[in-house]
Every structure is written in structure tokens, then in C-alpha cells.
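Please look over the sequence and the structure shown below. The report that follows goes through a few parts of it in turn.

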Amino acid sequence: MLSSPGSDAVKEPAPPPTQRSPARRGISAPRIGVRHLSLLGVLVALVAVGAITRPEQFLTGDNLQLILTQSSVIGVVTVGVTFVIIGGGIDLSVGAIVALASVWATTVATQEYGLGGMLLCALCVGLGCGLVNGVLIAYGPMVPFIATLAMLASARGLALLISDGKTQVVTVDSVLGLGVSDSYVLGVPPLVLVFATVAVLGWLVLGRTTFGRRTVAVGGNAEASRLAGIAVRRQRLLLYLLSGLCCGIAAFMLIVLTGSGQNTNGNLYELDAIAAAIIGGTLLSGGRGTITGSVLGVLVFTTITNLFALNNLQSDVQQIAKGAIIVAAVLVQKGRKTQ
Amino acid sequence: MTEMPDSRNAPSHDTAAPSGSAADARTSRTSRRRMLFGTAAAGAALLGAGCTSNKSNDAAEAQGQADIADDKPGKKVTIGFAGPQADHGWLNAINEQAKARAKKYEDVTLEATEGSNDNAQQIGQIETLINKKVDVLVVLPSDGKALTQVGLKAMRAGIPVVNLDRVFDSQQAYRCWIGGDNYGMGLNAGRYIGEQLKDKKNAKVVELAGIDNLELTRERTKGFDDALKNYPNIKKVARQAAEFTVESGQSKMAQLLRAEPKFDALWNHDDDQGVGAERAIEQAGRDEFLMVGGAGSRRVMDAIKRDDGVIKATVLYPPTMAASAIDLARALGQGKGIGGLSEFEIPASLTLYSAVVTKENVDEYLPTGFK
């Protein structure tokens, strides 16, 4: 993927002394099951609760479809954010980028170009914002927190400016059609297929490519990686581009899901995505994390929302439970690490 | 997933004085009017008994009213207007209504600030308007409680304040309050649904609320519940709170549809989040129930008129209140009363009625629907 002098494409550059041993990076397939046992346990417990409290509604194919569909948009964003966090950064601008891309792709002018034009527009806006983030962080003097915070503010502002605060309803039938049951492939909504594809690609890239290994190395110890011959700046730029691209994809998915673009879209996605990655075992300081964990994290949160809605519990209880689960998940992981 | 208070999305309709007190205010106003008429009638009788037949004097006394502000150009008035950031259909409509109404009058100059959802920033904007010495202020605060002090400051500086919708904490901070009735909105939504379902056994109703952190949402829900209590055959089986956004509307509605495989009516608090809710309904392929909206967007009114989907009605939270606020501000600036009331002064508070728009009356309301 990236040419770096003197290292062959498959093998890791000689690990600098300070770097973690490869076994702790959590990128090899056999370890995934063990690593995510606790989160899988939470998910199983939630399913059990659902099966007991609302057996007729919870354990159905339709409900599984609903949970996966509701996970799909935030799931794609989380995959991008997971890469950024593993690479030692943070991206606070994802929600705002989703909002901007969804608004830009649903203006009357863009809608005239049909499905292709709207998709292209969403992807370009996402990549563009990712490029700005990446350049500011990798080649400029800014730390990720500040640069992406600035992007959060300005992308939201631009989204508001373009939409003028109005909900832009999609009138293109081919786009709307992707969100209703006629388009489902063997009962699977296209949105879920996209989510699955992005997740699998993310898993492959992180665990099976030089790009993935470099991401882990840069996040684990940037200076050591640089000395080992990794182009750290370029790696960081690419990570923010990747996150921006995921936001563009998610924005288009959100357009399909809601049949509209609104400047309030993607509200607090940054926190949801970071929370899902963290309970999935990604280290906030970088250098460790898995896509599987993040996907499980997203599924846990969506399943909670689903369970609570099915049992007619209100927002207050939902928020408390989510907070508690974040704390519990992190505590369990810490406990396991010290053993 | 994380649901946090987010003022950006709070569309706004922070609430009015508790409906009870508003109702009290209304009755006391009527009784005062009766008293006034009574006194006038008694006076006329006395005059009659005194054999003085000064007809014109008589009439003036019976009318007992100050000059009424009308369309004719009068004293020039500069109105300062400060509202929250228009990031939502309803708030947008508020700004447009205010500006359009001000333009209608030759004698009104409107000094509108950039909207802001940041309390500190809005305070700064209002202070600038005070320093500019505008004649009257119209303020829709981003947060009523937080902006009370600046309202007081304006009043002390001798600038009458027309408080729009989200009410200040102190009655000293405004000369006149005008706004919507959240409790009444719920009440009327409940009544409409009740009347539609009153002959149905074991009818099930579902509620899709707005942001639960806002008092207005709770008032709407209370009104809705109170209205449904009059119909023992109807039970509210589920309620979820969305966030006034399309995205949250879609998400929460999808869950509600899954939770309740069959129900008879749905009340959605907000037509903007209704875009998402209706999308979820379409995706689930459901149509066995009737849906009532809230706020009154143009899109929903068009759908009611077409009568080809689940949406059958919407309960207004009229953005035209901003136009009325400009009228009140102009009357205040010119020292006049308003038509239709006997008082010399404009009222201290006006609670608007949340009408139910249905297929029968939609044509009348279409022009007020916001985009």
C-alpha cells in the first residue's frame, strides 16, 4: 500500500524497543473471541432480557433487522473513528461532517444529479473535511482535539448556512427506494449490507495490511515508528481521510434512512462513536483496538435503545443505563488487563 | 445513543406560564371587561336620568377605549428583535413572520439581530439593542430563565419588552408576553384522537414526544394524557421521546412500531421530526392507525389536504405569534391599544390557541404552514 524504503510490504518494520509486542495488538483473528468475551456476554445478557420481557417482539427477524439498520449509520462512522483512535488521534468532527455531507447532498441542485450525484457529493464532502482535518493535524501545528473541534464548529455552521435551518426532503425515487423493503436483498436492507461491507473491509485493513500495522505502530509510539521508517505524517493524514470517507458514506446512508437532509443530523455522533469504540476495547491513547470490538460496542448500544423502547422506558432511564454500561465495560476490561 | 440536552435542537417552544394561571388571567380579563361595560352602562343610565342627551359623549364612554393601532402610518417606531438561531423550521418561520410583518408598516423600523442559541451571546445582542435606544424590544430568548436579567435591564431603561413564547422568570422583565400553549396543544391533540376513536373498544394510542429535557415536552404530554382520561376506552400504550430532529424521529418511531405491532392512533409532537417518523412508518409498511402531528408545517398540511397517508391532522403551535408580537410592539411604541379589546392598554399576556388542522379546515391554515 505505502512504499517505505527498505521494508517489505507484508512484514512489519523492525519493531523499535519501546513498541508493544505484536501479540498485544489484538489484530490477529484467533484472539478476537477471547478479547471480546465480556462484551459478547453483555450482548447475550441484553438479548436474554429482551427475550424475557418482550418475547413476542424482541426475538424476531424483523427486530434483528431493525437493530442492525439502526446500527448501520453510526456503525460506519465508528469504524472510521476506531482507526483514528488506534492511530493515536481523535475525531470530534464526525457528527458535523455527517450533517454537512447530508445537507450538501440533498440540496435541490445536487438532487438534480440523481442518486449518483448525491452519493458522490456526500463522499466528496466527507473526504474534503477529512483532508482539512488531516492536513491541519499531520502537517500543521494543531493537536487532533483542537483541529477536529474547529471542524465540528465550522462544518455544523456551514450545514446550517446551506440548509438555512430547513429540512431538505429527498424527492429522488431511486434514493428513497433504497430505504424501503422492496430493495432488501434476501431480507437484508442495503444499509446493513453497506455496514457489513465497511466493517469487514475495516477488519481486513486493520489486521491484514501494512496500512493497519502502521496505524497500530503510529498510535502505539509515533516517535519509534518514525525512527523505524514509517511516514508518520502521511499515515495520520490518511487516517483522517479514512474517517472523513466513512462520514460521507454514513451521511448518504442517513439520507436513505430518513429520506431527508437536515443540519441537525449526526447529533453527538462523535460521542456515540467514541463510546462504542472504548467499550469495544480500543485504547483512547492509541495503539490498541479492534473493529470487531467497535462493532460489538455499537450493537450493544443499539440493542439497549431497542430494549428500552420495547419496554416503554423513557429517556431518563435510558441515559442512566448507557452511562452505567460504559463504566462497567471499561472496568471489566481494566480488571482483565491487570490479572 | 447518548442523549444530552442540546439547545441547538430545542426548537423552541419553551413554555409559557402554567396554563392554569393563563386561564385565570383570561377569566379575570373578561370579568374586568364586563365590569367596565357595566360601569359604562350605569353611567349612561345616570346621564339619561339626568336628562342630558349628549349622544356622542355617551358613545365614547360606552366604547371606553384608547386609540387602536391600525394599518395607517403613525408615529415612527424602532423595534429591536432578538431571537435564537433559526436552525429549525419553526424558528425559521418565527423570524420570517416577524420580518414580513415589520415590512408591512411604513412607520416600523426593525433592528433584527443575528439569532443565537448561546445565552451569553444573546444577552450581548440585546444589550446592544438597549444601547441603540430602540423604542420597543421583541425577545424570543434562547432560554427564558437565563435571559431574565437582560429583560429587566431593558425595562428599567424604559424600553418595553414584548416577550415571545419562552417566558422570562419575572413578570417585571416584560411588558407583554405572547406565546403558544403547550399544555393546550397536548389537550387538543388528545381530544381530537379521542373523538376519532371514541366508539372503538380497547383503542391503543402511541405518543412520539419531543426532547424530554424540555419542560414544554412534559406539558404537552400532560395535556395529552389529561385529554385521554376523558375516554376510558382509550389507553396510551407507549411513549418515546425523540429530539425534534428527523434522524431521531425515524429512529424512535421505528422502535415504537416494533414495540406495538398494532395501534389505532399516534400523536407526534413535532412536524419536523415527523419527516423521520413518517419515513419509519413507510419503511415498516404500516398504515392501520391515524397520525396527528404538531406545530403545523407546510409539508404536513399539504399531506392532510391530499389525505393519502396516515396523517390526518396537526395541532398548531403557530409561528404567526411573531407577527402578532410585532403588532403589539408597534402598538406599545405608539401608545395605542389593540382592536377588539376594550382596554386602554395592551394585555400583559396572550396565550394562543392550538387549533387542530384537519382536512376540513386545512385550506384556511395553509398559508401559515412553515417550511
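A residue is called buried if 20 or more other C-beta atoms lie within 10 Å of its own, exposed if 12 or fewer do, and partly exposed in between, with C-beta atoms placed from the backbone. By that rule A:V76 counts as buried, because it has 30 C-beta neighbours inside 10 Å. The model is a predicted one, in which local features need pLDDT of at least 70 and side-chain atom pairs count only at pLDDT 80 or more, while totals for chains, interfaces and linings use all residues. Residues are numbered from 1 along each chain as its sequence is written, and chains are lettered from A and ligands numbered from 1 in the order in which they are written.

A:V76 is found in helix 4 (residues 61-86) of chain A, where helices (H or I, at least four residues) and strands (E, at least two) are DSSP runs numbered from the N terminus. Leaving aside residues up to four places away in sequence, A:V76 touches several residues, including A:V194, A:F195 and A:M253, a contact being two C-beta atoms, placed from the backbone, within 7 Å. A:V76 and A:V194 are 118 residues apart along the chain, and their C-alpha atoms are separated by 8.3 Å.

Also in chain A, the axes of helix 5 (residues 94-104) and helix 7 (residues 114-139) come within 8 Å and cross at roughly 145°; axes are lines fitted to C-alpha atoms, for helices over the stretch in contact, and angles run from 0 to 180 degrees between N-to-C directions. Residues A:I97, A:L100, A:A101, A:S102 and A:W104 of helix 5 meet A:C121, A:A122, A:V125, A:G126 and A:C129 of helix 7.

In chain B, an open sheet of six strands has the order 7-6-8-9-10-12, with mixed pairing; two strands pair if DSSP finds at least two bridges between them. Strand 7 (234-241) and strand 12 (356-358) of chain B stand at the edges with a single partner strand each, so one side of each has no neighbour in the sheet. Strand 9 (residues 290-295) and strand 10 (residues 311-316) of chain B run parallel and are joined by five bridges, and B:V292 stands opposite B:A313 in strand 10.

| Helix of chain B | Residues | Angle to strand 9 of chain B |
|---|---|---|
| Helix 6 | 182-197 | about 165° |
| Helix 9 | 271-284 | about 150° |
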